[in-house]
Amino acid sequence: MSKTPRELVAEMTLEEKCSLLSGLDFWHTKSVDRLGIKGVMYSDGPHGLRKQDDKADHLGVNDSIKAVCFPAACGSTASFDRELVRTMGEAVGAECQHEQVAVNLGPAINIKRSPLCGRNFEYMSEDPYLAGEMATAIIQGVQSKHIGVSVKHFAANDQEHRRMSSDSVVDERTLREIYLPAFEAAAKKGKAWTFMCSYNKVNGEYASQNKWLLTDLLRKEWGYDGIVMSDWGAVSDRVKGVEAGLDMEMPSSAGVNDAEVVKAVREGRLDEKYVDICVERIIEVHNRYLEHADPSTPWDKEADHILAGKLGADCEVLLKNEGGILPLKDGEKIAVIGEFAAKPRFQGGGSSHINSFKVTSLLDAAADKGVTYAQGYHINSDDEDAALVAEALEAAKAADKVVLVAGLPDSYESEGYDRKHMRIPPNQNALIEKVAAVNPNLVVLLYNGSPVEMPWLACAKGLIEGYLGGQNVGTANRAVLWGEVNPSARLPETMPVKLEDTPCFLSYGGEGNTAVYNEGIFVGYRYYTKKKMPVLFPFGYGLSYTEFTYSNLRLSAESIKDTDTLQVCVDVTNTGKCAGKEVVQLYVSDRESEVFRPVRELKGFDKVALQPGETKTVAFTLDKRSFAYWNTQIHDWHVETGVFDIQICKDADTPVLCAPVTVESTVVLPMTFTEDSITMDIAKYPKAMAVISQLMNNAAAIFGDSEEQKPEDSEAAKEAVSDEMGQAMMAYLPLRGMISFSQGRINHEILKGLLDQMNNA
Ligand code: BGC
């Protein structure tokens, strides 16, 4: 029988153990031959396999093996389709098995705090619930092949600017409600094998040595049992990191940091048990792969290319379809304009960059459709080329409809730096307006990893957000444009009108090395809906070639306790003329709250396929977390007793059905009464209130009867103002106020006695 990780650890020398705490090179971990402990290989993800052998680097500069690039997370998340993302994960997992890669470095699930983050194309959403659900789906897909994922970048790594030194300063509630839940889902529901800590500091401490993050939260609170590895080069103080729970340093530090750890143990600065824990975890997780390693797993690249195209079509968001300009019909003369139509941008730059074995552009895919093509602009230039523009306008004039492919060039968004603005190159913006002027039947197809400003929106009849659609993007585009596939994706982020509208506009990027998340929980639609601010397109928005109607929203109860679950059912019918898929979105809205809460928050979604005329019932289960906010007094999720609206919405801004439920809290928030406690807070604690009810009545009489308080106005107004004012005075009155208003009957000593009674009541 082979030895357990613990037995192996017991047999190792300190040097051997510490050697396992860091990589052998860029991508491999070390072995201990005498004990049969094998090293494994890690490779990037997330939307494919980037396996590098020689000349390794982590920024995608050097070539990796030929592989398949699936849609980037900006697009795959837009599918709102757990199954689809899981299928993609299965394909990537199988590729890793074939290539003997134990861990695929992804998914990347940081929250899209600003459209400027250079890495948004790789991230999933502005909404933590959506990101957590989609992360879980891809994790389950990859890991079903006995390949690990590495959920990254843990945590609060929401900008590329100064990413290796910046300190993300985020308050407790915001961390819990916005920046951590997707990671929590990845740990608890997804059961990820590995996590990758981020480069940045979180509230003053580097993630790579942040004990609260890596041990107290991740392992003790969330029950995570996998490896935490560093992002490449994220280690600052390795000894501190070992104690904090950072198992694996990547890449190799050529033994320097391993020796530091040995020394710290020898000098009594680090308890050896921390080394043992890390090593045991590393061996255990690597064994999950090694025991099932199967390089004979087939990798049919052509099949995965086809899969990438098929999935890609379900990731494209139809944003505008005026007069039913789409789908295009056979027989129509179509001009396809824009260099991107021939040279698509289908992935972002940096460590996720896949060396695609094949790329299918829109022009390739639409070769049999008899389209005319004009280049229109140079992708890598901001300047207009008069000859190309003239040619494009000629093509547009001669066509029934125009499909103009525009978007962000590689240099505009990439890992490693942030965008400075939200614009596409000026030559493309200008071309769109010129083309629209000669042919109003214009469809714009965008390739971009993050929202862009659309000054030409009014003059485009059709608009498709194609995101970064993977190497078979052309096939996906063709399918949606000509209606072979009915578009069904929805925006996983808000498309704001302009950069200045974005919630963190005033503080994004931070000052020096400090990035304070001033906007708190109001990220993405949580901000725009609260401010009733116009946006280009709201979170969750997306059209279809058919129509859906909702009916029959029903809840399993009118009233529940916060320990119960609530079943919600709604019927959705395809009332249009063709088959399609609808994303049913459930949001919860707290009618009244003592803490600041968003207008509504996504708490459930499902994607259903429906034939014309068909109706299906979609069911959701809500639990305490669906109603709760993070309470910083008890450091836990808390539901305020009250009425919540369950809203079925077309998008974050458009509720279509609504039903109320009363949720009763079973948790009484602890309260210590002091002289400063005010009446309205005490009133929530009937027993404490009883202690001072007589006093309160006396005080109420004072405020209610006080003639001096009344303004010299009409008699009726006097009464109204007086009543309201009196009540307010009473509600906000601190206990110490009783001393002033009791005409000497109450002093501090008496009050102290009452406080003792109240606190013990
Ligand atoms: C990136 C990670 C990536 C790693 C290895 C880092 O620069 O932040 O996402 O997995 O490199 O390439």
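Leaving aside its neighbours within four places in sequence, which residues is Val570 in contact with? Let me answer that after a word on what we are looking at. This is a predicted model, in which local features need pLDDT of at least 70 and side-chain atom pairs count only at pLDDT 80 or more, while totals for chains, interfaces and linings use all residues. Residues are numbered from 1 along each chain as its sequence is written, and side-chain values use heavy atoms, with hydrogens and water left out.

Now to the residue itself. Val570 lies in strand β20, residues 566-574; helices here (H or I, at least four residues) and strands (E, at least two) are DSSP runs, numbered from the N terminus. With contact meaning heavy atoms within 4.5 Å, the partners of Val570 beyond those neighbours are Tyr550, Ser551, Asn552, Leu553, Arg554, Val584, Lys616, Thr617, Val618, Phe620, Ile648 and Leu657. Val570 counts as buried because its relative accessibility is 0%, where buried means under 20% relative accessible area, exposed over 50% and partly exposed in between, using a 1.4 Å probe and protein chains only. From Val570 to Ser165 the separation is 405 residues in sequence and 48 Å in space, taken C-alpha to C-alpha.

Let me turn to a sheet. Strands of a sheet pair through backbone hydrogen bonds, either parallel or antiparallel. Here five strands form an open sheet with mixed pairing, in the order β19-β27-β26-β21-β22, and two strands count as paired if DSSP finds at least two bridges between them. At the edges are β19 (559-561) and β22 (601-610), each of which pairs on one side only. From one strand to the next, the twist averages 30°. Within this sheet, β21 (residues 580-590) and β26 (residues 642-651) pair in the antiparallel sense over six bridges, and Gln585 has Cys649 in β26 as its bridge partner.

Next, a pair of helices. The axes of α5 (residues 128-143) and α7 (residues 181-188) come within 8 Å and cross at roughly 30°; axes are lines fitted to C-alpha atoms, for helices over the stretch in contact, and angles run from 0 to 180 degrees between N-to-C directions. That angle makes α5 roughly parallel to α7, since angles under 35 degrees count as roughly parallel, over 145 as roughly antiparallel, 65 to 115 as roughly perpendicular and the rest as oblique. On the α5 side, Pro128, Ala131, Gly132, Thr136 and Ile139 meet Pro181, Ala182, Ala185 and Ala186 of α7. By class, this contact has seven nonpolar, two polar and no charged residues, where Ala, Val, Leu, Ile, Met, Phe, Trp, Tyr, Cys and Pro count as nonpolar, Asp, Glu, Lys and Arg as charged, and the others, Gly among them, as polar.

Finally, some details of the backbone. The peptide bond from Lys152 to His153 is cis, with omega near 0°, and His153 is found in strand β4, residues 148-154. Another cis peptide bond joins Leu326 and Pro327, with omega about -5°, and Pro327 lies in the loop between β10 (317-321) and β11 (334-337). Lys532, a residue other than glycine, has a positive phi near 50°; Lys532 is in the loop between α17 (525-530) and β18 (548-555), and is exposed, with a relative accessible area of 75%.
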